[in-house]
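Q: I have a model open and want to go through it piece by piece. Can you take my questions as they come?

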Protein chains: 2
Amino acid sequence: MQTNHQWLIAGRPEGLVKESDFKWRESPIPSPGEGEVLVRSVYLSLDPTNRVWMNEAESYLPALAIGDVMRGLVIGVVEESRHPGFERGDLVQGLLGWQQYSASPGGALNKLPKGLPVPMTAFMGLLGHIGLTAYFGLLDICQPKAGETLVVSTAAGAVGSLVGQIGKINGCRVVGLTGSDEKCAWIKELGFDAAINYKSGNVSESLQQHCPGGIDVYFDNVGGDILEAVLNLINLRARISVCGMISQYNADQPAPGPRNLANLISKRARMEGFLCTDYSNRAEEAFTAMIGWLMQGKLKYRVDVVEGLENAPAALKKLFDGSNNGKLVVQVGPEEGAAS
Amino acid sequence: MQTNHQWLIAGRPEGLVKESDFKWRESPIPSPGEGEVLVRSVYLSLDPTNRVWMNEAESYLPALAIGDVMRGLVIGVVEESRHPGFERGDLVQGLLGWQQYSASPGGALNKLPKGLPVPMTAFMGLLGHIGLTAYFGLLDICQPKAGETLVVSTAAGAVGSLVGQIGKINGCRVVGLTGSDEKCAWIKELGFDAAINYKSGNVSESLQQHCPGGIDVYFDNVGGDILEAVLNLINLRARISVCGMISQYNADQPAPGPRNLANLISKRARMEGFLCTDYSNRAEEAFTAMIGWLMQGKLKYRVDVVEGLENAPAALKKLFDGSNNGKLVVQVGPEEGAAS
């Protein structure tokens with residue numbers, strides 16, 4: 001008899017998420033009911049927002065209970081279908097959780113396209129929630145214009161690295177903030193005009209040095225002090241895309257916000273939050289553009305694959321100490337079995 | 001010989017602005033040069049932003065130097081014109097400063113219309129910067145829809161009281177925050193659905209009680225803790241018009257911002273700053289609408305007139321302790337002399 005393995009939420013994390021906040025469970029592989037599909041997980045996406053999902057308070061998704069399977073975005077292969085829209089071998093994506101097998105209503109799954117000249121991990125790193133976030137969070141929320149200065153935080157991360165490249169494609173001067181010299185070197189390779197290691201030196205001074213004409217667009221993944229430093233340098237009618245506030249996610253006491261929000265007034269600036277799911281119905285537009293840029297060599301991404309579902313809790317911490325290199329995913333099972 | 005009187009900036013205020021931050025000076029009445037106009041001040045507008053203008057740092061206008069005449073918006077009568085666009089008796093408005101007489105380039109003055117069935121103070125309380133701020137800050141920045149819940153801070157103030165009434169005209173449920181029971185009673189008279197005295201009781205609980213369906217639109221004049229309380233209650237796609245941050249203006253150390261800015265993400269909400277001067281070219285649209293509402297009795301305003309330029313510094317403090325009742329102006333001289 002085959003066994004399913006799952007990670008459950010064992011408790012609410014205090015401060016930085018840790019492995020003991022999760023509990024490993026063996027259970028039988030579920031049987032799909034009428035209208036359901038049995039999916040075998042191949043890749044599990046690890047994202048900063050996972051930490052938010054573990055909190056007791058509801059955010060943009062319902063709160064999880066202690067003992068629930070941890071929520072997670074999964075790419076998997078259909079093993080058995082009792083839904084007319086799916087058949088064995090289909091590659092699907094959905095919030096299937098931190099588990100090897102799941103029985104999901106067909107309506108909760110997206111079928112991934114076949115025959116694209118990209119590896120399966122591209123659906124995690126580019127042609128999925130990461131790509132939608134970068135593409136629309138920059139182009140729709142911020143409307144960058146050629147010649148404007150764009151600043152991106154967590155610039156070597158999955159989203160940030162795409163944002164910077166899409167900014168370059170749109171003619172912006174792009175300045176990225178990241179947490180190591182090695183990552184600085186990588187984003188310079190990607191074409192960023194300047195890279196700031198926010199862990200060494202004074203961020204405000206570095207921003208001032210690399211943004212001599214001020215900041216027109218800020219793609220914010222972190223909040224906190226870096227947001228404050230940026231707000232001191234914004235230009236008239238600056239736009240700030242509020243994508244994430246990773247500096248806050250592990251805080252027991254939420255940290256105070258920037259002391260200079262009043263700069264929004266004198267600069268007539270705008271801060272706007274968004275979620276990639278708001279743009280699901282425009283996904284084709286983004287993916288078509290990004291596949292084009294990928295083929296032309298204008299867009300690069302990298303995927304940091306951690307082997308084995310059992311390593312997911314330890315891997316999640318990498319997002320918060322910055323030790324991941326590119327889009328962080330867990331390989332839960334082999335790719336084989338998907339119809340190509 | 002007639003004498004001009006002026007208030008100069010004597011020093012940078014520390015904390016709450018005080019009378020000793022200003023210096024009284026007698027000087028000769030200036031002679032207008034070629035292209036200039038001699039204006040006798042009738043009303044001087046006192047606004048929270050005056051405090052910002054006294055700081056050493058430049059904001060949206062150039063910083064003033066110690067010894068400069070204090071900047072201020074004035075309505076006055078043309079006494080002598082050496083500019084072809086103006087003649088003796090014209091009623092004009094401009095940043096003419098805290099003084100009885102000024103010689104100003106004609107291009108820096110707006111001529112006020114004649115023959116409107118409103119008192120001269122209406123150009124201070126409604127048909128000027130206050131009206132533009134309320135009208136466009138609400139309608140253009142926030143785009144309120146009928147049935148939505150609008151929260152306004154400093155709701156009994158010059159701008160806030162108009163914002164609430166314009167919200168009601170547009171079909172919103174309007175909740176106002178103000179600093180006394182008497183002011184609460186007044187905004188209820190104006191048609192606000194609910195009034196919260198933020199000085200008595202818990203603001204978060206009061207907001208929750210009076211906004212059972214959450215907050216769709218927030219017109220923010222104060223920043224600080226009230227902004228944080230509002231952010232906890234915003235609905236999906238809420239809009240926040242950042243008009244002022246009066247809670248910060250007298251602080252020696254800028255206070256931290258709200259700890260819950262990440263709510264902008266989960267609620268896909270927008271915060272946007274603006275200045276009324278951005279809408280100068282659309283003034284006619286606003287004033288036509290507001291005169292109409294005034295005539296129909298749908299819009300009320302009140303003006304708190306302090307007699308005598310010598311009392312301006314003491315009067316300015318009223319804005320920060322909330323002891324003014326309506327738009328605060330100083331009557332610098334008699335209305336007579338204006339051609340009607």
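Q: Which domains does the assignment give for chain A?
A: Domain 1 of chain A covers 3–118 + 302–331, and domain 2 covers 129–279 + 288–292; the bounds come from an automatic or database domain assignment. This is a predicted model, where local features need pLDDT of at least 70, side-chain atom pairs count only at pLDDT 80 or more, and totals for chains, interfaces and linings use all residues. Residues are numbered from 1 along each chain as its sequence is written, while chains are lettered from A and ligands numbered from 1 in the order in which they are written.

Q: How far apart are the two domain centres?
A: The C-alpha centres of domain 1 and domain 2 of chain A lie 28 Å apart.

Q: And how many residues are in contact there?
A: 13 residues of domain 1 of chain A are in contact with 11 residues of domain 2 of chain A (contact means C-beta atoms, placed from the backbone, within 7 Å). The domain 1 side divides into 7 nonpolar, 3 polar and 3 charged residues. Ala, Val, Leu, Ile, Met, Phe, Trp, Tyr, Cys and Pro count as nonpolar, Asp, Glu, Lys and Arg as charged, and the others, Gly among them, as polar.

Q: What about confidence?
A: Chain A averages a pLDDT of 94, and 99% of the residues score at least 70; pLDDT is the predictor's confidence in each residue, from 0 to 100. The model scores ipTM 0.89 and pTM 0.90.

Q: Changing topic: how many residues does each chain put into the contact between A and B?
A: Chain A gives 29 residues and chain B gives 29 residues.

Q: Which element of chain A gives the most?
A: β13(A), with 4 residues. Helices (H or I, at least four residues) and strands (E, at least two) are DSSP runs, numbered from the N terminus. β13(A) and strand β13 (residues 270–273) of chain B run antiparallel, joined by 3 bridges (strands pair if DSSP finds at least two bridges between them). Arg270(A) has Glu272(B) as its bridge partner.

Q: What rotation superposes the chains?
A: A rotation of 180° with 0.0 Å of shift along its axis puts chain A on chain B, at RMSD 0.0 Å. That is the relation of a two-fold axis. The C-alpha of Gly257(A) is the nearest to the axis in chain A, 2.0 Å from it.

Q: Next, Gln99(A): buried or exposed?
A: Gln99(A) is buried, because 24 other C-beta atoms lie within 10 Å. The cut-offs are 20 or more other C-beta atoms within 10 Å for buried, 12 or fewer for exposed, and partly exposed in between, with C-beta atoms placed from the backbone. Gln99(A) sits in the loop between β5 (91–94) and β6 (101–105) of chain A.

Q: What is Gln99(A) in contact with?
A: Leaving aside neighbours within four places in sequence, the contacts of Gln99(A) include Asn4(A), His5(A) and Val69(A). The C-alpha atoms of Gln99(A) and Leu309(A) are separated by 7.4 Å, at 210 residues apart along the chain.

Q: Why is α7 of chain A largely enclosed?
A: Helix α7 (residues 224–231) has 6 of its 8 residues buried, so the rest of the structure largely encloses it. Among the elements that the buried residues of α7(A) pack against are β8 (149–152) and α6 (203–210) of chain A.

Notes. Contact = placed C-beta atoms within 7 Å. Least-squares fit on C-alpha atoms with pLDDT ≥ 70 in both.
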